[in-house]
Amino acid sequence: MLLKKYVKTRRKVKILLLVTIVALIVITCIILLGSSGPNSAVERLLDERFIARAYQPQSEQQTRDVAVALLEPERDHGVIVPEKYDEQKIKSRIMQSRLQQVKQQQQRDNEAEQERTTLDAIATAVHIFYTAPVPWYKSKKPPLPLREPEHPNEVASLPLSATPKPVKILNTAFYPALGLYKPSAKLLGQHFENIRSCGIGVLILSFSKPSDPALLHQILELAPQHNLSVTFELSVAGNRTVDYLRQQLQDISSYVELPGFYRVWSQSRAALLPVLYVSNAYKLSDSLGRQLCRPTALKLPSKDAGQLRRVLDAIFIGHIRLKSHADVLRRLCFDGFYSKLPSNGAVFASTWKNWSYLKSYALSYKMLFVPTVGPGFAERNKFPRHGDIQRHRSNGRYYGVAWRTAILNHVGFINVASYNNWPDGSQIEEVVPRAGFLDYNPGSKTKYLDLTAHWVGNFLKTRQEASAAGTGAGSIQNCYELLNNTIC
């Protein structure tokens, strides 16, 4: 009623609204100016210090002071002064935060390394491929430079005498924590200690003709100091013949009697024999004949049978790829076969679901089946030399499935590929994060060493349970499950 009585025109209504708004603005300014006194500034500072203490550990006094200093902005008579944009300060803050993250990651790695999973027991039935020296670089031929045309209508052509030097390219998808190392006594000791802590008992070295005898002797001398043994993998790739294999056996015979060479007791032969791996053994089907067969068992003429076993009698385990290769090695009188390639699905022998068949085949003919497990496969080549067989590590799950399948289906031994085969990307050695390279994140640099120790422990537990079950009344013990370095 009052508004209708005194405000009768629109002009008066507008004046009244304007006066009300001005009055509200004045009241708000008075309230804000009254709350900006010295007491309120102290309360704000106390609040900021309280927030700093809440988000910092109680034991780090110096860190809390730094946090309070960072939270306290610049003030002028109690009024916050806005910070000016400074690109250099922002960059320095970003760099400091990144350095802090790197330090924290290094601290976590050190703690993880101190808490590593290690095994006191040694499994001589688990063998691991070891590369010495590692071929860090590969050679690549650069494209030939074109000769510049002398006339505008002339097409550029290759020069007559142009032989550019090959370019060396780093041949690894991961970067090692120890750098691009070369073999030395200290380095070998560190490697062997890591392998021993995983519970692995045997190293497999590639034995080729241009190998360094001094390095082999050094490895064979250092390995027993770390409770390890050594065996060799022969190669018959390319146009190698039986004569080449015979020459390799003659060279290996000088290493067999050394204390560090791996040997097992054979129940059927009643002798202590070395274990040798033969890469690409299926290629010897035409030339090898019966030279690996024992004359006493086959009643063959001495000139035809057992010629290679007279040079060096051993447990020969051949490399297979296809399903038919197992039968080839059986007819060639090999003692067993292994898959070698740690890439599931690449070939028949490396496919996990086929290992149960290979196990039953080996048991039927009293042979060894040695499955090869690996954490993954990652060649750096744009066009891999083995085809499209790259296998992602899947944060260790790939490695775990391979181990579980191998424990169920092995006959005799299990191979691990590899400790430091960096060109194939199948190594379990420590790596460091580096731009342009893969790493083990999420996880520490010793992630796959810890996983290997875990699975070797499961393997030993399974064999002990099988051995205990075989000692019961009325049970027949499988000689492949014994833990005393004995096979059939």
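Phenylalanine 413 is buried, with a relative accessible area of 2%. Buried denotes under 20% relative accessible area, exposed over 50%, and partly exposed the range in between (1.4 Å probe, protein chains only). The model is predicted, so local features need pLDDT of at least 70 and side-chain atom pairs count only at pLDDT 80 or more, while totals for chains, interfaces and linings use all residues. Residues are numbered from 1 along each chain as its sequence is written, and side-chain values use heavy atoms, with hydrogens and water left out.

Phenylalanine 413 is among the residues in contact (heavy atoms within 4.5 Å) with histidine 127. Histidine 127 belongs to strand 3, residues 123-130. Helices (H or I, at least four residues) and strands (E, at least two) are DSSP runs, numbered from the N terminus. Histidine 127 counts as buried because its relative accessibility is 0%. Its side chain makes a polar contact of 2.7 Å with the side chain of tyrosine 277. A polar contact is a pair of N or O atoms within 3.5 Å; within protein, one must be able to donate a hydrogen and the other to accept it, and residues adjacent in sequence count only if both atoms are side-chain atoms. The side chain of histidine 127 also reaches the backbone oxygen of threonine 124, at 2.9 Å. Leaving aside residues up to four places away in sequence, histidine 127 touches Ile200, Val202, Ile204, Tyr262, Tyr277, Phe413, Ile414, Asn415 and Val416.

Strand 6 spans residues 200-207. Seven of its eight residues are buried. Strand 3 and strand 6 run parallel and are joined by five bridges; strands pair if DSSP finds at least two bridges between them. Tyrosine 130 stands opposite leucine 205 of strand 6. Strand 6 also pairs with strand 7 (residues 229-235), in the parallel sense, over six bridges. Here valine 202 has serine 229 of strand 7 as its bridge partner.

Aromatic pairs were examined next. The structure holds 22 of them. Rings of Phe, Tyr and Trp (its six-membered ring) pair if their centres lie within 6.5 Å; planes under 30 degrees apart count as stacked, over 60 as edge-to-face and the rest as tilted. Tyrosine 262 and phenylalanine 413 form an edge-to-face pair, 6.4 Å centre to centre, with 75 degrees between the planes. Tyrosine 262 lies in the loop between helix 8 and strand 8 (263-266), and phenylalanine 413 in the loop between helix 13 (397-409) and strand 14 (414-416), so the pair ties together parts that are 151 residues apart in sequence. Tyrosine 262 counts as buried, at 2% relative accessibility. Tryptophan 355 and phenylalanine 369 form another edge-to-face pair, at 6.4 Å centre to centre and 65 degrees between the planes. This pair links distant parts of the chain: tryptophan 355 is in helix 12 (residues 355-364), phenylalanine 369 in strand 12 (residues 368-370), 14 residues apart. Both residues are buried. Ring pairs also join Phe337, Phe348, Trp355, Tyr357, Tyr361, Tyr365 and Phe369 into a cluster.

The charged end of arginine 330 sits over its ring, 4.6 Å from the centre. A charge sits over a ring if NZ of Lys or CZ of Arg is within 6 Å of the ring centre and within 35 degrees of the ring normal. Arginine 393 lies over the face of tyrosine 448, at 4.7 Å from the ring centre.

Arginine 330 also takes part in a salt bridge with aspartate 327 (2.8 Å, N to O). A salt bridge is a side-chain nitrogen of Lys or Arg within 4 Å of a carboxyl oxygen of Asp or Glu. The count comes to ten. Aspartate 327 and arginine 330 lie three residues apart in helix 11 (residues 323-331), about one turn of the helix. Aspartate 327 forms a salt bridge with arginine 331 as well, the closest N and O atoms being 3.2 Å apart. Those two residues are four residues apart in helix 11, again about one turn. Relative accessible area is 26% for aspartate 327, 29% for arginine 330 and 41% for arginine 331. Aspartate 327 is thus partly exposed, as are arginine 330 and arginine 331.

In helix 8 (residues 242-256), arginine 246 and aspartate 243 are three residues apart, which means a separation of about one helical turn. Their side chains meet in a salt bridge of 2.8 Å, N to O. Aspartate 243 counts as exposed, at 52% relative accessibility. Elsewhere, salt bridges link Arg269, Arg309, Asp313 and Asp335 in a network.
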